[in-house]
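Me: I'm new to this one and would like to learn how to read its features step by step. Could you take me through it?

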Amino acid sequence: MNKAIYPGSFDPITFGHLDIIERCSKIYDKLIVGVIKENNNKKFLFDEFQRKEMIETLVSRFSNVEVKVFDSLLVDFAVKENSKIIIRGLRAVSDFEYEFQMAGMNAKLEPNIETIFLMASESLQLTSARFVKEVAYH
């Protein structure tokens, strides 16, 4: 079974995230959407249980997608879930540098895990959770 993990804060989940989830559900036998519990660099609008519940509602049509909360290093979560693939979505070139550095660090920590970058669909490339939160706030 080829199993992949698509991690993120998903605060809130966007159509771009759903696009990546749908496309990955067609590629992998099992996709785990990993919802990070905490991130010292972010102030969350929704707690991890609310984020998990929102995602579960939106992905219920995919029989091979499961949503789990994790509170560890991503590579440790991947090992625990027996996955050798991490999916990272990219919207623009500006996302790449950060994602590239993170993938490099993950590879040093766990060389048996591969990071796969997937571009968001063209119509969704300008949407970010940060912008969605800002618009909703105002």
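Me: How much space lies in the largest cavity?

Reply: First the general idea: on a 1 Å grid over the protein atoms alone, a cavity is a set of points where a 1.4 Å probe fits but cannot get out, and lining residues have an atom within 4 Å of a point. Points are joined across faces, edges and corners, and the volume is the space filled by probe spheres set on them. Here the largest cavity holds about 30 Å³, and the count comes to one cavity of 30 Å³ or more. Keep in mind that this is a predicted model, where local features need pLDDT of at least 70, side-chain atom pairs count only at pLDDT 80 or more, and totals for chains, interfaces and linings use all residues. Residues are numbered from 1 along each chain as its sequence is written, and side-chain values use heavy atoms, with hydrogens and water left out.

Me: Which residues line the largest cavity?

Reply: Look for Ile86, Arg88, Glu99, Met102, Ala103, Asn106 and Thr115. To place them you need the elements: helices (H or I, at least four residues) and strands (E, at least two) are DSSP runs, numbered from the N terminus. Helix α4 gives the largest share of this lining, four residues, and both β4 and α4 supply at least two each.

Me: How do I check the length of helix α4?

Reply: The expected span of a helix is 1.5 Å times one less than its number of residues. Helix α4 covers residues 93–109, so its 17 residues should span 24 Å, and the 25 Å between its end C-alpha atoms agrees with that.

Me: Which residues of α4 are buried?

Reply: The idea is to look at relative accessible area: buried means under 20%, exposed over 50%, and partly exposed in between (1.4 Å probe, protein chains only). In α4 the buried ones are Asp95, Glu99, Ala103 and Asn106. They pack against α3 (74–80), β4 (85–90) and β5 (114–119). Two of the names to spot again in the cavity lining are Glu99 and Asn106.

Me: What is the order of the elements along the protein chain?

Reply: Start at the N terminus and read β-α-β-α-β-α-β-α-β-α. That makes five helices and five strands. Of the chain's 138 residues, 42% count as buried.

Me: What share of the contacts joins residues at least 24 apart?

Reply: A contact means heavy atoms within 4.5 Å. Taking contacts between residues at least 6 apart in sequence, 78% join residues at least 24 apart.

Me: Which residues have the most contacts inside the largest nonpolar core?

Reply: In soluble globular proteins, nonpolar side chains tend to be buried together. A nonpolar core is a set of buried Ala, Val, Leu, Ile, Met, Phe, Trp, Tyr and Cys residues joined through side-chain atoms within 4.5 Å. The largest one here has 20 residues, and Ile21, Ile55, Val59 and Ile87 have the most contacts inside it. The elements giving it two or more residues are β1 (3–8), α1 (15–27), β2 (30–36), α2 (48–59), β3 (65–70) and β4. Helix α1 provides the largest share, four residues. Apart from this core lies another, of 10 residues, including Ile36, Phe70, Val75 and Ala78.

Me: What does isoleucine 55 touch?

Reply: Not counting residues up to four places away in sequence, isoleucine 55 touches Phe10, Ile13, Val33, Val35 and Val67.

Me: Is phenylalanine 10 buried or exposed?

Reply: Phenylalanine 10 counts as buried because its relative accessibility is 2%. Find it in the loop between β1 and α1, and note its positive phi of about 50°, although it is not a glycine. In that loop you'll also find proline 12; the peptide bond to it from aspartate 11 is cis, with omega near 0°.

Me: And where is asparagine 82?

Reply: Asparagine 82 sits in the loop between α3 and β4. It has a positive phi of about 60° without being a glycine, and at 62% relative accessibility it counts as exposed.

Notes:
On a 1 Å grid over the protein atoms alone, a cavity is a set of points where a 1.4 Å probe fits but cannot get out, and a pocket is an open set with protein on both sides within 12 Å along at least five of seven lines; lining residues have an atom within 4 Å of a point.
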